[in-house]
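Work through the exercises below with the sequence and the model side by side. Try each task before reading its solution.

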Amino acid sequence: MGVEITKILKKSQAALLERWMKNQLADMGLREDLMSNEDLRAESEELINALVKSLNEKNLSEPGSSDFDHVIEILGGISISRARQGFSPRETGLSIISLKEALIELLQESVTDPKELVDISLKLHRLMDSFVITTFETFIKGREEVILRQTDEISEISTPVIRVWEGILALPIIGTLDSARTQVVMESLLTEIVESGSSVAILDISGVPTVDSLVAQHLLKTVSATRLMGAECIISGIRPEIAQTIVHLGIDLSEIVTKATLASALLYAFKTLRLEVRKPAVKTSF
Amino acid sequence: MKRILKMIATIISLNKDPMPVAREQDVVPFRNRVKEYAVKIKMGLVNQTKLITAASELVRNMLRYGGGGEVLIEVVSRGRDSGIRLTFKDDGPGIPDISLALKDGYSTGKSLGLGLPGTKRLVNEFDIKSEVGKGTKVTIIKWANG
Ligand SMILES: Nc1ncnc2c1ncn2[C@@H]1O[C@H](COP(=O)(O)OP(=O)(O)OP(=O)(O)O)[C@@H](O)[C@H]1O
Ligand SMILES: [Mg+2]
């Protein structure tokens, strides 16, 4: 077996880069809106350098070899940055596939024995395919990170504490009340109670789709924490179907003041604070 | 006559939809899927809420104590009634004493201990099988007009 892939690659490294660049530009019609030609060239060159440096006859058929750690690291960097820049998975995958094509084309020109060409191409295909898969996996991971960050942001923006009146806070909860969310709710509520010196807090759960025993437990915890701060906590927005379900489930909310609507909770809060809402007496003019 | 009665009593599964549940993040999509089926068979709002809450309890148990598993969502019919059958299966540690686990307030997880007994009250049919060291299987049915 006389084909030395290491030699071929080293000799034609520059040609390989040119060919790959050409393929990439043809494939994506150069997304100049997302990435400049220079950046693409720099990225491509880095990857080719690392690949040529690590590839040899032996590890050619071992995609899992640790020789490729650096290559995989660069690939990961490329796909994460492309995911963030807004490239589609197809564009990102195609760009690595077109490197494979450039490599095969190069071999076709350098290897004359057909049997050897087939043999080496097969190995190269398998290796590069494994790199393509790595690219996809990292691309998805990049997207997942974006989603996780957004989840955190959503849970923060969706738990505002509103000062509805002097001494009265309202906290509309929208969405699922899981453990992480309860933590956010509780912290912002307790902080606001201290800062505003409020003595009544209304937790409105109209926007919570399901109240199971876990959610109930979280609510109960929040209520007792509020009480420890010296404030009273009212739960409002309990829809009729939720009320029936809670009863069957066996959750005991009898220790807590609950109201059907935010309006009735507010009225209750006014009474607690000895406030009265009245229509002004109609003045009769002569 | 007896045979006809028996036929009416037979539960037929019209649609099977398995869904793996491995993480906390799978709970909300699972509940939404159950809701979709409940709406499809025109289950009323109160029964829907009861079913989804029961499903939520069981799926949380499966995650917390069973280490995750799979839920089979089925649309079933019995005579003129249609309903939703959910089967929760995990390969976790199992429950040593089922009748104890079904008591209100019993919890090994410092929780309210209402999940299993509450679920039983919320649904029309409830069946639990568990083997220590093997896993747990809970099956519930809620009829659309039940
Ligand atoms: N899938 C399961 N695998 C193993 N053990 C389970 C499983 N489901 C329930 N258990 C056991 O049964 C007990 C009772 O469950 P149940 O859902 O009634 O209460 P809980 O989960 O502890 O509290 P809650 O549901 O009120 O938050 C649990 O504490 C646990 O020990
Ligand atoms: Mg439980």
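Contact here means heavy atoms within 4.5 Å. The model is predicted, so to speak of a local feature a pLDDT of at least 70 is needed, side-chain atom pairs count only at pLDDT 80 or more, and totals for chains, interfaces and linings use all residues. Residues are numbered from 1 along each chain as its sequence is written, chains are lettered from A and ligands numbered from 1 in the order in which they are written, and side-chain values use heavy atoms, with hydrogens and water left out.

**Exercise 1. Find the surroundings of Thr176(A).**

Task: Which residues does Thr176(A) touch, not counting residues up to four places away in sequence?

Solution. Start with the place in the chain: Thr176(A) sits in the loop between β2 (168-174) and α7 (179-196) of chain A. Helices (H or I, at least four residues) and strands (E, at least two) are DSSP runs, numbered from the N terminus. Next, list the contacts: Thr176(A) touches Arg181(A) and Pro209(A) in chain A, and Val28(B) and Arg31(B) in chain B, residues up to four places away in sequence not being counted. With Arg31(B), the side chain of Thr176(A) makes a polar contact of 3.5 Å. A polar contact is a pair of N or O atoms within 3.5 Å; within protein, one must be able to donate a hydrogen and the other to accept it, and residues adjacent in sequence count only if both atoms are side-chain atoms. Last, the C-alpha atom of Thr176(A) is 8.2 Å from that of Val215(A), 39 residues apart along the chain.

**Exercise 2. Describe the interface of the two chains.**

Task: How many residues does the contact take from chain B and from chain A?

Solution. Chain B gives 21 residues and chain A gives 16 residues. The area buried between them is about 1700 Å², and carbon and sulfur atoms give 59% of that. Buried area is the accessible area (1.4 Å probe) that two parts lose on being put together, summed over both.

Then count the polar links. Seven residue pairs are in polar contact between chain B and chain A, both residues being at pLDDT 80 or more. On the chain B side, α2 (27-40), α3 (45-64) and α5 (115-122) each supply at least two of the residues that touch chain A. The largest share, nine residues, comes from α3(B). By class, this side of chain B has seven nonpolar, seven polar and seven charged residues. Ala, Val, Leu, Ile, Met, Phe, Trp, Tyr, Cys and Pro count as nonpolar, Asp, Glu, Lys and Arg as charged, and the others, Gly among them, as polar.

**Exercise 3. Locate the salt bridge between the chains.**

Task: Which residues form a salt bridge between chain B and chain A?

Solution. A salt bridge is a side-chain nitrogen of Lys or Arg within 4 Å of a carboxyl oxygen of Asp or Glu. The structure holds 18 of them over all chains, and the count between chain B and chain A is one. Its partners are Arg60(B) and Asp212(A), with the closest N and O atoms 3.0 Å apart. Asp212(A) lies in the loop between β3 (200-207) and α8 (213-228) of chain A, and Arg60(B) lies in helix α3 of chain B.

**Exercise 4. Trace the sheet of each chain.**

Task: In what order do the five strands of the open sheet of chain B stand?

Solution. The order in chain B is β1-β2-β3-β5-β4, with antiparallel pairing. Two strands pair if DSSP finds at least two bridges between them. β1 (12-21) and β4 (125-131) of chain B are at the edges with a single partner strand each, so one side of each has no neighbour in the sheet. β1(B) and β2 (residues 69-78) of chain B are joined by nine bridges; in β2(B), Val75(B) is the bridge partner of Asn15(B).

Now turn to chain A. Its open sheet also has five strands, ordered β1-β2-β3-β4-β5, and the pairing is mixed. β1(A) and β2(A) pair in the antiparallel sense over three bridges, and Trp165(A) stands opposite Ile168(A) in β2(A).
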